[in-house]
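Hi,

Here is the structure I promised to pass on. Have a look at it first, and then read my notes below.

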Amino acid sequence: MYAWEDETGNDWDVGIARDTFLNSISDMIQSCPKSETGMLCQLGDFLHWDQILSASTPISGHAVDADSRYGKLVELAMSVMTEAVKLMLKRFNKVIVVSAEGNHDISGSIWLRKHIKHLFKNEPRVEVIDNEFPYYAYLHGETMIGFHHGHKMKLANLHKLFASEPRFREMWGKANYTYIHTGHYHHEKVIEDGGAIAEQHPTLAARDAYAARGGWVSRRGAKVITYDKIDGEVARVTVRPRT
């Protein structure tokens with residue numbers, strides 16, 4: 001994504017994106033309690049656009065502000081995700097990777113997920129949640145953690161899907177606590193209903209012109225959430241972006 005400070009309030013380009021992401025990953029790793037397992041949760045729209053011929057969203061075809069060539073975007077996405085996994089392997093005995101489909105990167109999320117899966121195929125400490133369904137889940141002891149970008153189902157209804165979807169039903173039944181995470185709207189929101197806590201997360205990225213001109217304002221950040229296998233969430237830290 002490209003943003004000009006005079007128009008949007010903050011500059012943004014692929015160089016700023018790289019530094020912000022990796023600095024945030026480093027800050028998140030350093031701020032979390034000592035843990036056996038670390039989960040890298042990429043909630044979708046990691047890529048601002050998803051095609052070579054035009055910088056636009058794949059479904060609606062809306063033009064987006066882009067920096068600047070698709071090949072450049074691919075190179076950046078692969079390199080920073082690889083570096084993030086390597087950083088986490090230095091801290092955790094096991095690393096689980098979620099690379100969720102977003103409405104901006106429907107195909108890009110696939111090749112990014114497959115890239116990490118094949119790159120670390122000989123590393124038994126890395127597990128990539130690799131499914132073609134835009135909902136993802138992991139059972140940590142008696143704590144279920146679910147993920148969806150937020151473009152297909154509203155936050156308030158996600159607990160129904162994770163409870164009823166056949167591929168998640170057994171996991172739901174084994175869990176004493178369930179947490180579901182989404183992105184998409186770039187601002188924070190939490191709903192507790194139907195046996196689950198569903199949380200909508202902010203973004204580390206600056207606003208683009210579309211968001212700035214539309215008057216949408218939210219504080220940028222990322223969450224470090226610690227889950228116990230028995231007791232569910234036991235700690236959290238908020239990391240703010242720095243370049």
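To start with a quick one: is Asp130 buried, partly exposed or exposed? Asp130 comes out as partly exposed, at 23% relative accessibility. Buried here means under 20% relative accessible area, exposed means over 50%, and partly exposed is in between, with a 1.4 Å probe and protein chains only.

Before the rest, a word on what you are looking at. This is a predicted model, in which local features need pLDDT of at least 70 and side-chain atom pairs count only at pLDDT 80 or more, while totals for chains, interfaces and linings use all residues. Residues are numbered from 1 along each chain as its sequence is written, and side-chain values use heavy atoms, with hydrogens and water left out.

**Salt bridges**

I'll stay with Asp130 for a moment. Its salt bridge with Arg113 has the closest N and O atoms 2.6 Å apart (a salt bridge being a side-chain nitrogen of Lys or Arg within 4 Å of a carboxyl oxygen of Asp or Glu). That pair links distant parts of the chain, 17 residues apart: Arg113 is in helix 4 (residues 108-119), and Asp130 is in the loop between strand 3 (126-128) and strand 4 (136-140). Helices (H or I, at least four residues) and strands (E, at least two) are DSSP runs, numbered from the N terminus. Arg113 is buried, with a relative accessible area of 2%.

Asp130 also forms a salt bridge with Lys117, with the closest N and O atoms at 2.8 Å. Here too the pair links distant parts of the chain, since Lys117 is in helix 4, 13 residues from Asp130. Lys117 itself is partly exposed at 36%. Through shared partners, Arg113, Lys114, Lys117, Asp130 and Glu132 are joined by salt bridges into one network.

The structure holds 15 salt bridges. Another of them pairs Asp67 with Lys72, where the closest N and O atoms are 3.8 Å apart. Asp67 counts as buried at 12% relative accessibility, whereas Lys72 is partly exposed at 38%.

**Cores**

In soluble globular proteins, nonpolar side chains tend to be buried together. The largest nonpolar core in this model has 34 residues, and Val85 and Val97 have the most contacts inside it. (A nonpolar core is a set of buried Ala, Val, Leu, Ile, Met, Phe, Trp, Tyr and Cys residues joined through side-chain atoms within 4.5 Å.) Two or more residues come from each of helix 2 (14-31), helix 3 (70-89), strand 2 (94-99), helix 4, strand 3 and strand 9 (222-228). Helix 3 gives the most, with 11 residues. Apart from this core lies another, of 15 residues, with Ala137, Met171, Trp172 and Ile180 among them.

If you want to look around Val97, its contacts (heavy atoms within 4.5 Å) include Leu40, Met81, Val85, Ile116 and Val126, leaving out residues up to four places away in sequence.

**His149**

Where does His149 sit? His149 is in the loop between strand 5 (143-147) and helix 5 (158-164), and it is buried at 2% relative accessibility. Its side chain has a polar contact of 3.1 Å with the side chain of Asp45, and a polar contact of 3.1 Å also joins it to the side chain of His184. A polar contact is a pair of N or O atoms within 3.5 Å; within protein, one must be able to donate a hydrogen and the other to accept it, and residues adjacent in sequence count only if both atoms are side-chain atoms. Beyond four places in sequence, His149 also touches residues including Glu101, Asn103 and Thr182.

Ala198 lies in strand 8 and is buried at 5%. Ala198 and Thr182 are 16 residues apart in sequence, with their C-alpha atoms 7.7 Å apart in space. Thr203 is in the loop between strand 8 (196-200) and helix 7 (209-213), and its side chain reaches the backbone nitrogen of Ala205 at 3.1 Å.

**Cysteines**

How many disulfides are there? A search of the whole structure finds 0, a disulfide being a pair of cysteine sulfur atoms within 2.5 Å. The sulfur of Cys41 is 14 Å from the closest cysteine sulfur, in Cys32, so the two are too far apart for a bond. Cys32 is buried at 10% relative accessibility, while Cys41 is partly exposed at 32%.

Cheers
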